[in-house]
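Good morning, and thank you for making the time. I would ask you to look at the model on the screen before I take you through it.

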Amino acid sequence: MEGLYLHNLIFLAMFTDNNGISMYVIMGWGLPLLFIIPWVVVRALLEDTLCWTTNDNPGYFWIIRAPITTTIIVNFVFFVNITRVLFLKIFVTLRSQPNRYGYRRWFRSTLVLVPLFGVHYAVLLGMSFSADVNRTVELIWLYIDILFSSFQLDKMAQVKTPLLYL
């Protein structure tokens, strides 16, 4: 929802008021329930292994995996689009200054957006699908995921978006 909020702030001026924030909060907490509740019911009735992290039937896991994967892809598209707009705005306003300064500024602003949009999830998406097959790939995926996830809270606090304070 933070990615959608930031995307709409940049591209749609009508969503910049504070009344719209409650819509994002409701969607952020409500939409996942549409997938979590059916998954919990299916797990409790059809695959009650007493462990939520193991999946005997991977088809049941796709009840929540598909929306998660879709969200990762949509956030990556938002990230690319916002990065493109940042690039254009920085270089249009900095025509008189050297390009090296513009690239450095664009890189820093893009780097702050990486954990906010969860870009590392998009990069690691292929590895997450093969994590069950190969133990080494799973360990590499876990270490990289934990490394990038640890930066997420710190970088999000630096961005100071209004959604973080709700």
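Let me begin with Thr 83, which touches Trp 106 and Thr 110 when residues up to four places away in sequence are not counted; contact here means heavy atoms within 4.5 Å. Thr 83 is found in helix H4, and at 8% relative accessibility it counts as buried. For burial, the cut-offs are under 20% relative accessible area for buried, over 50% for exposed, and partly exposed in between, with a 1.4 Å probe and protein chains only.

Two remarks on the source. This is a predicted model, in which local features need pLDDT of at least 70 and side-chain atom pairs count only at pLDDT 80 or more, while totals for chains, interfaces and linings use all residues. Residues are numbered from 1 along each chain as its sequence is written, and side-chain values use heavy atoms, with hydrogens and water left out.

Ser 109 and Thr 83 are 26 residues apart in sequence, and their C-alpha atoms are 8.5 Å apart in space. Ser 109 is found in helix H5, residues 99-117, and is partly exposed, with a relative accessible area of 22%. Not counting residues up to four places away in sequence, Ser 109 touches Leu 86 and Ile 90.

Helix H4 spans residues 58-93 and also holds Arg 65. Is Arg 65 buried or exposed? Arg 65 is buried, because its relative accessible area is 14%. Leaving aside neighbours within four places in sequence, Arg 65 is in contact with Ser 128 and Phe 129.

Now the chain as a whole. Its secondary structure comes to 8 helices and 0 strands, where helices (H or I, at least four residues) and strands (E, at least two) are DSSP runs numbered from the N terminus. Buried residues make up 28% of the 166 residues. Of the contacts in the chain with a separation of 6 or more, 57% are between residues 24 or more positions apart. The chain exposes about 11,100 Å², of which carbon and sulfur atoms supply 69%; accessible areas come from the Shrake-Rupley method with a 1.4 Å probe, and for residues only the protein chains shown count as cover.

I turn to the annotation. The unreviewed UniProt entry places the feature "transmembrane region" at residues 21-42, 62-86 and 106-127; UniProt positions are given in the numbering used here, feature names are shortened, and annotations may be inferred rather than shown by experiment. In the model, residues 21-42 are 91% helix and 0% strand, with the end C-alpha atoms 33 Å apart. Residues 106-127 are likewise 91% helix and 0% strand, and there the end C-alpha atoms are 28 Å apart.

Next, the aromatic pairs. The structure holds 2 of them. In one, the rings of Tyr 5 and Tyr 24 have their centres 5.3 Å apart and their planes at 80°, so the pair is edge-to-face. Tyr 5 lies in helix H1 (residues 2-11) and Tyr 24 in helix H2 (residues 19-30), so the pair ties together parts that are 19 residues apart in sequence. The rule is that rings of Phe, Tyr and Trp (its six-membered ring) pair if their centres lie within 6.5 Å; planes under 30 degrees apart count as stacked, over 60 as edge-to-face and the rest as tilted. Tyr 5 is buried, with a relative accessible area of 4%, and Tyr 24 is buried at 1%.

How many salt bridges are there? The count comes to 1 salt bridge, defined as a side-chain nitrogen of Lys or Arg within 4 Å of a carboxyl oxygen of Asp or Glu. The side chains of Arg 43 and Glu 47 meet in a salt bridge at 3.4 Å, N to O. Arg 43 and Glu 47 are both buried.

On the surface, Leu 33, Ile 37, Val 41, Leu 45 and Leu 46 form a nonpolar patch, with about 510 Å² of accessible area together. Patches are made of residues with over 30% relative accessible area and no salt bridge; like charges are joined within 9 Å, and nonpolar side chains (Val, Leu, Ile, Met, Phe, Trp, Tyr) within 5 Å. Ile 37 lies in helix H3, residues 33-46.

Val 137 touches Met 127 and Ser 130, not counting residues up to four places away in sequence.
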